Amino acid sequence: MRPGLRRWADGRANRARRSCAAWKRNKAFGLEVAQRLDFETFTLIYLSNESSPFEVELTVNKGRAEPYALGDGYGHLAFSVADLDSEHDRIGALGLNPKKIVEFNHDGALIARFFFIEDPDGYKIEVLQRGGRFQ
C-alpha cells in the first residue's frame with residue numbers, strides 16, 4: 001500500500017520536466033501526473049496516487065530561470081505511513097537520502113515518529129508514522 005496523502009499542497013517548480021520526472025522516478029509516494037493544464041504564462045501540474053483523493057499541485061511559471069526562494073517559513077508536505085521504519089529503508093534504497101527518524105515527545109509521551117526528505121526544488125517532505133492524530 002502506498003503512503004497516504006493527508007492534505008493538499010501547492011509548490012512552485014522551476015523546471016516541470018525535472019520535477020515530474022523526480023516524483024515519478026523515485027516512486028517513494030507513487031505520485032503520477034493526473035492532469036496537466038498549460039496556460040500562456042504558466043502550467044499547472046496535478047500529481048496524485050491511488051491511496052487518497054489528495055493532490056500535489058505544481059505551478060510552473062514560464063520563462064523563469066532562477067530558483068524560487070523557499071522563504072523562512074516551514075511549510076511542508078506530509079505523508080502518513082503504516083510502517084515508518086520500512087518506509088525509511090525503502091526510500092533510502094531509492095537513493096532519496098532520508099534524514100534520520102525522529103521521535104517527538106511531549107511531557108514524556110510519544111507524539112510522533114517521522115523523517116524528512118527533500119524534492120528537487122528543495123521543498124521538505126515529512127513522512128510520519130500513522131497513529132494518534134496522524135491517521
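Biologist: So a salt bridge here is a side-chain nitrogen of Lys or Arg within 4 Å of a carboxyl oxygen of Asp or Glu. How far apart are the closest N and O atoms of glutamate 66 and arginine 64?

Modeller: They are 3.6 Å apart, so with the limit at 4 Å the pair counts as a salt bridge. Keep in mind that this is a predicted model.

Biologist: How many salt bridges does the count come to?

Modeller: The count is 6. One of them joins lysine 62 to aspartate 38, with the closest N and O atoms 2.7 Å apart.

Biologist: Where do lysine 62 and aspartate 38 sit in the chain?

Modeller: Lysine 62 is in the loop between strand 5 and strand 6, while aspartate 38 belongs to strand 3, residues 32-38. That is 24 residues apart, so the pair links distant parts of the chain. Lysine 62 is partly exposed at 39%, whereas aspartate 38 counts as exposed with a relative accessible area of 53%.

Biologist: And which residue does glutamate 118 meet in a salt bridge?

Modeller: Lysine 124, with 2.8 Å from N to O. Glutamate 118 is partly exposed at 41% relative accessibility, and lysine 124 is partly exposed at 30%. There is also a network: Asp85, Glu103 and Arg113 are joined by salt bridges that share partners.

Biologist: Switching topic. What order do the elements run in from the N terminus?

Modeller: The order is β-β-α-β-β-β-β-α-β-β-β, which gives 2 helices and 9 strands.

Biologist: How much of the chain is buried?

Modeller: Of its 135 residues, 41% count as buried. The accessible surface is about 8,100 Å², and carbon and sulfur atoms account for 52% of that.

Biologist: What share of the contacts is between residues 24 or more positions apart?

Modeller: 55%, taking the contacts with a separation of 6 or more.

Biologist: OK, the core. Which residues touch the most other members of the largest nonpolar one?

Modeller: Phe29, Val56, Ile91 and Val127, out of 18 residues in that core. The elements giving two or more residues to this core are strand 4 (42-48), strand 5 (56-61), strand 6 (77-81), helix 2 (84-93), strand 8 (109-118) and strand 9 (124-129). Another core lies apart from it, with 5 residues, including Ala78, Phe114, Phe116 and Leu128.

Biologist: Back to strand 5. How many of its residues are buried?

Modeller: 5 of its 6, so strand 5 is mostly covered. Strand 5 pairs with strand 4 in the antiparallel sense, over 6 bridges.

Biologist: What is the bridge partner of leucine 44 there?

Modeller: Threonine 59, in strand 5.

Biologist: What is serine 48 in contact with, leaving aside its neighbours within four places in sequence?

Modeller: Gly30, Leu31, Glu32 and Ala34, plus Phe54 and Glu55.

Key. Residues numbered from 1 in each chain as written. Predicted model: local features only at pLDDT ≥ 70, side-chain atom pairs only at ≥ 80, totals over all residues. Heavy atoms only, no water. Core = buried A, V, L, I, M, F, W, Y, C linked by side-chain atoms within 4.5 Å. Buried < 20%, exposed > 50% of the residue type's maximum accessible area, 1.4 Å probe, protein only. Helix = DSSP H or I, 4+ residues; strand = E, 2+ residues; numbered from the N terminus. Pairing = 2+ DSSP bridges. Contact = heavy atoms within 4.5 Å. Areas by Shrake-Rupley, 256 points an atom, 1.4 Å probe, with all protein chains shown as cover.
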